[in-house]
Amino acid sequence: MVSIDEKTDLEYDEEIPFSSSSATSKMEALDFEMIHLHSRAELANSWISRHIRMRVPKSIYFVLIKAKINVLLPFGPLAILLHYLTGQHGWVFFFSLVGIVPLAERLGYATEQLAFYTGPTVGGLLNATFGNATEMIISIYALKNGMIRVVQQSLLGSILSNMLLVLGCAFFTGGIVHYQKVQVFNKSAAVVNSGLLLMAVMGLTFPAVLHFTHSEVHFGKSELSLSRFSSCVMLVAYASYLFFQLRSHRNLYSPIEEEGNQGGDDSDEEEAPEITHWEAIGWLAILTVWVSILSGYLVDAIQGASDSFKMPVAFISVILLPIVGNAAEHASAIMFAMKDKLDITLGVAIGSSTQISMFVIPFCVVVGWIMGQRMDLNFQLFETATLFITVLVVAFMLQEGTSNYFKGLMLILCYLIVAASFFVHVDPSNDDD
């Protein structure tokens, strides 16, 4: 017969090895789990590094090699070499101009890839914004050098190029490809943009009229004060427009649903992005920096190029610079028109013009104010009248909500008239250049 104390001791002695083995097994399980987690972390790191090694060459191929226009990329470094070796402004200007063309087009490509992850409305806005990055960079460099007329004329030329040449080419090519039907777009959104463009014309008209009628309260000061006040109002209007477009009335900017399911398979194939959104953001940063570097050499060579090529500075500023700067919008607008996506085409072409007139121009006035430069909204009578007539012509073209190749042809021919006009135009105020 075992006593109670001995039984308790026996039970206690039996429990000790059991609890010891349990603790040991828990420690072994914990060590195994730690080793397993460590191996999984190493596996994940190796997978990420291998993925990066695979993605980087593929991304470089898609952005810098695949497109045929990239054969023009070496012209940029050549322009910088010519600047330091020869100092011939004509050739430096020409090579810089050609070197910026593929960069502007690649900016459009990277923005288009990013638009796959953001949706059509934000994508069109991003396309217009980064498409205008070239013009903004060139304008700030020129403003820093006191070349106010170059800033005014290049921004005006960008609006004219987008509204007449880019939209005209898009309507023309889209009409040729889809000649069997009438292409349609969202008329309501086009009317809102036309109203903003007319507001921009009003903001540019009053300082010019005030100046040329000599009806200022304080001569030389009232015009500048009015320009700065109007610029702040236009920036508020553009911010309100962004809220209207992206938040409160997003349904107004939704693309028109096509009748039937024609071409659905093709569109599904076209919707696959080639690079990731982080790669697109990285390329946007790299390309913007490279454009800003080349823009500095381009602006420095404008006057020398005008003397070398016997071209007016006004023609270079209004026609040549915007054609290069709008290469991204040009390529994107035509591509979307050929895919029968006219709402995105209008978002790129007309949206870009709206952004320049209601944001970039007032922004440059405010930046000039900060820099101490007398940048104003008096674009002179000839330029202001050209813009006013252009906005009217385009507004009439858009009021029906339809497009065809003949409308595109008319817009292109109108741009040729504008280009010829600036080729024979002598800028009356060369004081700021």
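Predicted model: local features only at pLDDT ≥ 70, side-chain atom pairs only at ≥ 80, totals over all residues.
When neighbours within four places in sequence are left aside, Ser158 is in contact with Glu135, Pro322, Asn326 and Ile356.

## Overall architecture

The protein chain contains 16 helices and two strands. It comprises 433 residues, of which 47% count as buried. Among the contacts in the protein chain with a separation of 6 or more, 84% are between residues 24 or more positions apart.

## Packing of H3 against H10

Two packed helices are described by the angle between their axes and by the distance between those axes. Helix H3 (residues 89–115) packs with helix H10 (residues 277–300) at an angle of about 160 degrees, and the two axes are 9 Å apart. H3 is therefore roughly antiparallel to H10, since an angle over 145 degrees falls in that class.

The crossing of these two helices, H3 and H10, is left-handed. In the contact of H3 with H10, 18 residues are nonpolar, eight are polar and two are charged.

## Packing of H3 against H11

H3 also packs with helix H11 (residues 302–309). Here the angle is about 110 degrees and the axes of H3 and H11 are 7 Å apart. H3 is therefore roughly perpendicular to H11, because angles of 65 to 115 degrees are assigned to that class. H3 passes H11 in a left-handed crossing.

On the H3 side, the residues that meet H11 are His89, Gly90, Phe93 and Phe94. Their counterparts in H11 are Ile302, Gly304, Ala305, Ser308 and Phe309. By class, the contact of H3 with H11 has five nonpolar residues, four polar residues and no charged residues.

## Loop residues with positive phi

Which residue in the loop between helix H7 and helix H8 has its place described here? His214 is found in that loop, with H7 spanning 187–212 and H8 spanning 222–248. The phi of His214 is near 55 degrees, a positive value in a residue other than glycine. With a relative accessibility of 60%, His214 counts as exposed, because the exposed class begins over 50%.

Gln380 is not a glycine either, yet it has a positive phi of about 75 degrees. This residue, Gln380, is placed in the loop between helix H14 (342–371) and helix H15 (381–398). Is Gln380 buried or exposed? At 10% relative accessibility, Gln380 counts as buried, because that value is under 20%.

## Cysteines

How many disulfides does the structure hold? The number is zero.

Cys169 has a relative accessible area of 16% and is buried. Cys414, with a relative accessible area of 25%, is partly exposed.

How values were computed:
Residues numbered from 1 in each chain as written. Heavy atoms only, no water. Axes fitted to C-alpha atoms, helices over the stretch in contact; angles between N-to-C directions. Helix = DSSP H or I, 4+ residues; strand = E, 2+ residues; numbered from the N terminus. Parallel < 35°, antiparallel > 145°, perpendicular 65-115°, else oblique. Left-handed = near helix turned anticlockwise from the far one by under 90°. Nonpolar A, V, L, I, M, F, W, Y, C, P; charged D, E, K, R; others polar. Contact = heavy atoms within 4.5 Å. Disulfide = S-S within 2.5 Å. Buried < 20%, exposed > 50% of the residue type's maximum accessible area, 1.4 Å probe, protein only.
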